[in-house]
Amino acid sequence: MKANPSGRSPALSLLGWPLLPLLAAVGCTGGQKGDPENRGDFKVVSISTGTGAVYPYRIRKTDIFGNPTNVVLNIEDKDTLTANVTGNNGVLPVATLNTVPELPNGLPGNHFLHFAFSHKLDVKSILSDQLANQGNAGLTGNLSLLAYDAATETSLPVSGRGFVNGITYYNVSGRLVPVQAVVADGLGVRVVDEILDPATLKPLNPRQFLTGRTVGFPNYSGAADLVSKKSFTFVADTDSDLGSIEMFPSDRLIRIRVSSAVRDNEGDILALEVGTATTVGSDGERPQVLGYLTTPQISPGNNQSNIDTQASILVRFNKPVQPGLVGSFFSPQQLVPPSGGVTISVTAAAQTFGLSYHADPLNYANMMDYVITPAYNLPGQAAVDVAVPITTIRAINNNLLIGQQVATRFTTGIGQGIINAPVAPEAIYVGIGGAEPGVSVIDMNGLGQGTGDITNTRFNLNPNIGRAGVTPPMSPGTTNLDAGSSGVLTLVKDTNLETRLLKDPLVGEITDIHIGAPLDLVFNNENINANATRANQINEGFGAAMSGNVIAQPPVPNPPKLLFPPPNPARAIFGEEPTTKSSFGPPGALVTGGPPANCLAAGLNLLVQGNPFANSASQIGLFGSRFMGVFVGPQPPPGSPPPPTPFCPFTSRQQIGHFLYVLDRDNRRVLVVNSNRFTVLDSIRLSDPVSMAMSPNMNRLAVSNFSSASISFIDIDPTSSTFHQVVSETRLNIPGPTALSWQPDGEDLLVLSTNSNALTIVSALDYRVRKEVTGFLNRPIEVIVTERYQRHGNQSGLYYAYILNSNGTVAIYESGPDGVNGIGFNDVVSLVTNESFPRARSMCYDTYAGQGGVLIGHVDESGLGQISRLWLTASPLGQLPLQQNTGGFVRPPNYRQKEWFVTQRFGGLQPNVPRGEFLSGNTVIDICTDDMFNNGGLLGQGTPFNAAFVATPYNHSGKHTVKGTANGVATATVPRLLFLALSDVGKIDVFEIQSGTRITTIDVPGVRVVSSYWRQ
């Protein structure tokens, strides 16, 4: 919800282009700047043998079932390739050359290859005027044709002569001279052999000719295409006499590359490099990795060291191979890529494990070189073995498998640290800006076995370590990978002991963070453990099976340790399951039923609510959560063959954590990360994102775009086919939207426009603007919205919005319905008249305010940082009509009067407050409270206006501020601690809410955001 309307606005720079003199019209070798024949991208259009196409690659179009049809498509973009490659539909073979030297009309003639381009060509970017290049068939090397011997891995330039626009270079008395060898003559060609000026490639004056040098150039009906201004033609020639009919080598693979160094006649480089290969006659050789006899061309590899942990791997083959067999194409929607024809194994911490990956051709014009992208970052200082076995990958032309397996190894550097962070509700997420932007996590558990400093860990105090019956067993860590936490209210560390778990250059300044759906809806262990299925997954709030880890119940331990090899690499899960669910426990605690139900007997969790700062295992405890004293995880996998699976309920499984949405305004995107591992799952580009708000039913993420005056609605339901796509956009009539909040019953989205002094109310049912309000607003910077008070609070049937103005005043919006028989004004009704909050910057919902209230960060009269609790303290009870005179009864003028007062302050100069309770700084840029005790497993309250928003797609963990119960409503969360982000000093103060005591201060230079689950 946080906004900074005066924050960074991307600077635009003017591109200055040098002025160029106008060029006079030129002859056959080119055009002029802006030549209409050079429109669009400069690319290779086709490569032909004269009778068939070597390029572009082709594929059959698939039907809606993925089966190939009779429609053949040229692969001229990536989408055509990825949309049509299936298990039974590969890229079609490329054309080969005839086994006899003949022209397309059947008459004898030299073999040739014709390259057609989209622009007129620069002759000198392909043909060399240097004698030293005559051993390379007179080519510069920007375009190459190599005769490759697969048996010996040797390559020699194919013998021949190249012609660009019909121009070539001949050796005349030891000097290379350019010659217009052939020109178009109707549909055919005519030999000219006219010498050209070496500098301008125009005819000499007087004109000069050679005699008979180019006799034998291919001539047939259609040969005029071979000498166009957009053509390069390469003719077989081993004896410098085109008159003797010759073939390309029949015992070699002809490897063809066209690099981006090829230029058009206006100096533009080729947009896309091309790589392909063909043969004379059928190809009987198996495909191989280049260098399979000596040094495999796999990079990184060959014992290279200190490789970046985010590196991709390039594998080069000697001929085109089927892309669908190398691996699956990269897609952000394909979170778990299936296995392919390359194997990658990683050895870290003396353990070896396999690694899943995506595989893409270098581009759609090159099926010989493939980029292998690991599905997640490689661990630091690990050995990585890459192998191409002989079992899967096949050649495009002959469908033969790889001939010889190759393998290579490289080692990674320190790289980015591995992260295993505790997860909500026992985590606070911190957004950082300034010189070193990023995201950090405050550990609210303090006794988990995540990543950390092995020399400074408190996990060893966990009383469950070494206990019999604890499954999986707990033991002290041995490295930074499983060291465990440094303690409660400390910043989580990765294996490199960094506390910024996301950092530049991956992210820029972070302006908002929201916690989304549980990750285990997508990533889970159901594929390896029949006992960990969603059928056994219980929401303790209802005592019924519901998919997805419930926000009310953190895993135990939080987090479980990472394992190498990973227990479930196919789902990118490295973590151990939470400890198996207790078989017995305190009243009301969910248990497995014990051995009588064929479930493993599991004891009680000794780590209960207590003192998290104690220094002995017998005294230490946790701040606490909703269900204490029991373990929560699934039973281990059954044996093989598995017996009938018993119903063994559990409440938390791997993957623990949530989809975490991080607003990176510098890069104009919302980054989606795994809140436990901090791996990037998706990146959603937006026009100019400022602030976010999440619908309480967890279906949509609303994002305000300042410059485009719009609200983007992103699908955040993991069960949806449009997951992480922008599914709607609302254009506002008022420019510059900044902060926004979603009404916690779901019915409206309230959007501020700071510079316009306006509030826009968008209906959550159809995303249409239903109201625009301007009264009492003075550069509003923050808005917090309450639930409707149906059966609690003042029972008015209304909701209220608190709007923080830049001048320190607070405006109150009262909802409707208004009009005839209305009960609310549907408008900003007043300012809080008796309170002001100088230099206010932040505000959050106060869950303790029975009739509604907020916590506001500001300064006191002395300029010292302070937090005030502003509550609705006096209000008439029940629903009241708007009309003062109803049914002949006249109500007093103040019959709807409500009063707001500050009920408590933190920090500042107050009587009887010791100096140690001052805030550490004076600019409170953000505020949040913890969620450790919560009722998130329940549904939201029902109102006459929110039927579509009561439940999430998985029936729990909605962002409603109150939950419906049989007897009324329950508060969604009962916080204990208050977190204050102080941007002027780069610190976070942690206060105990009830006592007003500051517990600790955490150093976070550049802090901008503190976020918990119920953030608005």
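Visitor: How far apart are the closest N and O atoms in the salt bridge that K120 forms with E37?
Guide: Happy to start there! This is a predicted model in which local features need pLDDT of at least 70 and side-chain atom pairs count only at pLDDT 80 or more, while totals for chains, interfaces and linings use all residues. Residues are numbered from 1 along each chain as its sequence is written, and side-chain values use heavy atoms, leaving out hydrogens and water. A salt bridge here is a side-chain nitrogen of Lys or Arg within 4 Å of a carboxyl oxygen of Asp or Glu, and for K120 and E37 the closest N and O atoms are separated by 3.6 Å.

Visitor: How many residues apart in sequence are the parts that the K120 and E37 pair ties together?
Guide: Strands are DSSP runs (E, at least two residues), numbered from the N terminus. K120 sits in the loop between β5 (112–117) and β6 (143–149), whereas E37 belongs to the segment before β1 (44–48). The pair therefore ties together parts whose separation in sequence, in residues, is 83.

Visitor: Is E37 buried, exposed or partly exposed?
Guide: Buried means under 20% relative accessible area, exposed over 50%, and partly exposed in between, with a 1.4 Å probe and protein chains only. E37 has a relative accessibility of 42%, so it counts as partly exposed.

Visitor: How many salt bridges does a search of the whole structure find?
Guide: Side chains of opposite charge can pair when their charged atoms come close. One example joins R669 and D664 at 3.3 Å, N to O, and both R669 and D664 are buried. Across the whole structure, the number of salt bridges found is 29.

Visitor: In which strand does D1003, the salt-bridge partner of K987, lie?
Guide: K987 and D1003 bring their closest N and O atoms to 2.4 Å. K987 lies in strand β56 (residues 987–992), so this pair ties together parts 16 residues apart in sequence, and the strand that holds D1003 is β57 (residues 998–1003).

Visitor: Which residue in β32 is the bridge partner of Y661?
Guide: Strand β32 (residues 669–674) runs antiparallel to β31, joined by 6 bridges. The hairpin of β31 and β32 has 4 residues between the strands, and R668 takes a positive phi near 55° there. The bridge partner of Y661 is V672.

Visitor: R161 is buried yet has no salt bridge, so which side chain of opposite charge is nearest?
Guide: For charge, Lys and Arg count as positive and Asp and Glu as negative, with His and the chain ends not counted. R161, in strand β8 (residues 160–164), reaches the backbone oxygen of Y169 with its side chain at 2.7 Å. At 4.2 Å, the nearest side chain of opposite charge is D237.

Visitor: What distance separates the C-alpha atoms of S710 and P735?
Guide: S710 is in strand β36 (residues 710–715) and is buried, with a relative accessible area of 0%. Contact means heavy atoms within 4.5 Å; leaving out residues up to four places away in sequence, S710 touches several residues, including S687, V703 and P737. S710 and P735 are 25 residues apart along the chain, and their C-alpha separation is 8.3 Å.

Note on methods: Pairing = 2+ DSSP bridges. Polar contact = N/O pair within 3.5 Å; in protein donor to acceptor, adjacent residues only side chain to side chain.
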